[in-house]
Amino acid sequence: MKTTEIIKNFQTYFEEFQKADHPEPTAMSLATSTKSGRPSSRIVLLKSFDERGFVFYTNFTSRKAQQLEENPFAALTFFWNETSRQVRIEGAVEKVSDEEADAYFASRARKSQIGAWASKQSSEIEHSLDFEKRIAKYTLKFGLSKIPRPEFWGGFRLKPDLVEFWVKKDFRLHERTVHTLLSGNEWATKKIYP
Ligand SMILES: Cc1cc2nc3c(=O)[nH]c(=O)nc-3n(C[C@H](O)[C@H](O)[C@H](O)COP(=O)(O)O)c2cc1C
């Protein structure tokens, strides 16, 4: 199989789920791990995908970003209950280009842009009003001017080398199809027991 076919499959299932009435239709679990192999996971939002990979945005000083610095491999899981599917994706992660991150940052709501500047994601809030103070600080600082993307905030792209589609079937006789990257654009496909 070719990468384009796998991404097309993902797109079909993704679009099907986007029509379901779900409050966070692009949510996915992102698992990372430390250099020594201790895992952690959290929900992030999928912002784009194509043959190059799956993109999410975050703070580069966050715990997840620190882990990706130490160990640039990650795993994504989508649970699409309303359409009875799960998709698991694994692979290496790299930062998206500054241009791509700038374009996405510019598309965000102004308050989200201020939030990106104000949040020291994953660091301790030392005094109870520190976060509110930082929000006020950056709101004042930028006034009505265009808000640039902070250097400590941007996107990561996970380039898949394993994609598993899981389809729910009656009596837990689920169907699992695993695609593993061989090289370049070529993937091996197999069915595995549920
Ligand atoms: C529905 C939902 C969507 C989220 N989307 C993002 C996101 O796109 N990027 C992000 O950095 N955090 C997002 N978060 C917050 C993360 O789950 C997490 O709390 C945060 O990124 C810090 O994780 P870390 O300390 O492991 O780095 C989201 C949380 C939820 C519940």
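This is a predicted model: local features need pLDDT of at least 70, side-chain atom pairs count only at pLDDT 80 or more; totals for chains, interfaces and linings use all residues.

Me: How many helices and strands does the chain have?
Reply: Five helices and nine strands. In sequence order the pattern is α-β-β-β-β-α-β-β-α-α-α-β-β-β. The C-alpha atoms fill a box of roughly 55 × 40 × 30 Å along the principal axes.

Me: OK, where does the ligand sit?
Reply: In the largest pocket. On a 1 Å grid over the protein atoms alone, a pocket is an open set of points where a 1.4 Å probe fits, with protein on both sides within 12 Å along at least five of seven lines; lining residues have an atom within 4 Å of a point. "Sits in" says that more than half of the molecule's atoms lie within 2 Å of the pocket's grid points.

Me: And what is the volume of that pocket?
Reply: About 370 Å³. A volume here is the space filled by probe spheres set on the points, with grid points joined across faces, edges and corners. The lining has 19 residues, and Tyr57, Thr58, Arg108, Gln121 and Trp153 lie nearest the pocket's centre. β2, β4 and α4 (110–118) each supply at least two residues of this lining.

Me: Back to the ligand: which element gives the most to the shell around it?
Reply: β2, with four residues. At least two residues each come from β2 (39–45), β4 (53–59) and α2 (63–70). Glu24, Leu45 and Lys64 are among the residues around the ligand, where near is a heavy atom within 4 Å.

Me: Which polar side-chain atom lies 3.1 Å from a ligand oxygen?
Reply: One of Gln121. The side chain of Arg42 has an N or O atom 2.8 Å from a ligand oxygen, and a backbone N or O atom of Tyr57 is 2.9 Å from a ligand nitrogen. A polar contact here is a pair of N or O atoms within 3.5 Å.

Me: How much of the ligand does the protein bury?
Reply: 65% of the 620 Å² that the ligand exposes when taken alone, using Shrake-Rupley areas with a 1.4 Å probe.

Me: New topic: how much space lies in the second largest pocket?
Reply: About 210 Å³. Its lining includes Gln121, Phe131 and Arg134, and helix α5 (residues 130–142) gives the most to that lining, with three residues.

Definitions and conventions:
Residues are numbered from 1 along each chain as its sequence is written. Side-chain values use heavy atoms; hydrogens and water are left out. A polar contact is a pair of N or O atoms within 3.5 Å; within protein, one must be able to donate a hydrogen and the other to accept it, and residues adjacent in sequence count only if both atoms are side-chain atoms.
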